[in-house]
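Subject: Structure handover

Dear colleague,

The structure is handed over below. My notes on what was found in it follow.

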Amino acid sequence: MSQIRTISELLRVLEPVPHSFFRGQGNFEWTLEPSVARIKHPDNCYSMSLRGWLDLESYLIREFRKFSYPYLKNEPQNQFDWLVHAQHHGLPTRLLDWSENPLKALFFAVENREHGELDGALHLCTPNQIAPSTSDVHEGKGTQFFCSSYINDRISAQEGAFSLPYLNIEEDDFSHSLDIDTSKLLRYEKVLIPKEAKPQLRHELNKLGINHRTIYPGLDGISKMLKEGFS
């Protein structure tokens, strides 16, 4: 298994085979599971009885839309734009975040000091097919990968892309796995980031201008960057 301890090692890992999407995770043991699948009791939301993942997600998006209009600069244009927008404001959805930039994906694997004692992971993949925009996404069989329009500053800064698992509406229930089947990807590799290498990688990424200020544009990112100096 490949390992990454420095940026130069990352470049060596990337060189032999081109990949399209990258995802960094602070814990090597985590699966490729979207946030909605991490809800502990998905069948009971606000005392409602929900039938499955699509029913749960539909409720969350419907309520998000209802309350979000006063705060929107640009209204999302379709169902999947709403998913992207909600995802980047912390709402659990079926979407799994990726980046088209391996350095920015690496940042997410090393940024959180709460996971400093755990090995991290960088996932590299090339899907069989990539929808160029949310308007080209469909609910066909298999996991769908797509590149979103940059509908907010954070997606633009992170060069965000997404995967969306297929769900059969007729058989929808909470036993349906939302993890990505990596055997169905054109190319896939999971790279180990040793825990002791995380501080050095944060340091090198910061030298390249990849830090909380640039990844999370706005006042929150500036504050996080400044606090890093005392960590």
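How do the residues of the lining of the largest cavity divide into nonpolar, polar and charged? There are seven nonpolar, two polar and one charged, where Ala, Val, Leu, Ile, Met, Phe, Trp, Tyr, Cys and Pro count as nonpolar, Asp, Glu, Lys and Arg as charged, and the others, Gly among them, as polar.

On provenance: this is a predicted model, with pLDDT of at least 70 needed for local features and 80 or more for side-chain atom pairs, while totals for chains, interfaces and linings use all residues. Numbering runs from 1 along each chain as its sequence is written, and side-chain values use heavy atoms, with hydrogens and water left out.

Cavity and pocket

Both searches use a 1 Å grid over the protein atoms alone: a cavity is a set of points where a 1.4 Å probe fits but cannot get out, a pocket is an open set with protein on both sides within 12 Å along at least five of seven lines, and lining residues have an atom within 4 Å of a point. Grid points are joined across faces, edges and corners, and a volume is the space filled by probe spheres set on the points.

One cavity of 30 Å³ or more turns up in the whole structure. The largest cavity holds about 30 Å³, and its lining includes Leu 32, Arg 94, Thr 143 and Ile 180.

The largest pocket holds about 850 Å³. Of its 30 lining residues, Arg 23, Arg 38, Asp 97, Phe 108 and Glu 111 lie nearest the centre. The lining divides into nine nonpolar, 14 polar and seven charged residues.

Glu 111 sits in the loop between H4 and S5. Its relative accessibility is 15%, so Glu 111 counts as buried (under 20% relative accessible area; exposed is over 50%, partly exposed in between; 1.4 Å probe, protein chains only). Leaving aside residues up to four places away in sequence, Glu 111 touches Arg 202, His 212 and Tyr 216 (heavy atoms within 4.5 Å).

Strand S1

All five residues of S1 (21-25) are buried, so the strand is largely enclosed by the rest of the structure. Phe 21, Arg 23 and Gln 25 point one way, Phe 22 and Gly 24 the other. S1 runs antiparallel to S5 (120-126), joined by five bridges (pairing needs at least two DSSP bridges). Gly 24 has Leu 122 as its bridge partner in S5.

Regards

Terms used:
Helices (H or I, at least four residues) and strands (E, at least two) are DSSP runs, numbered from the N terminus.
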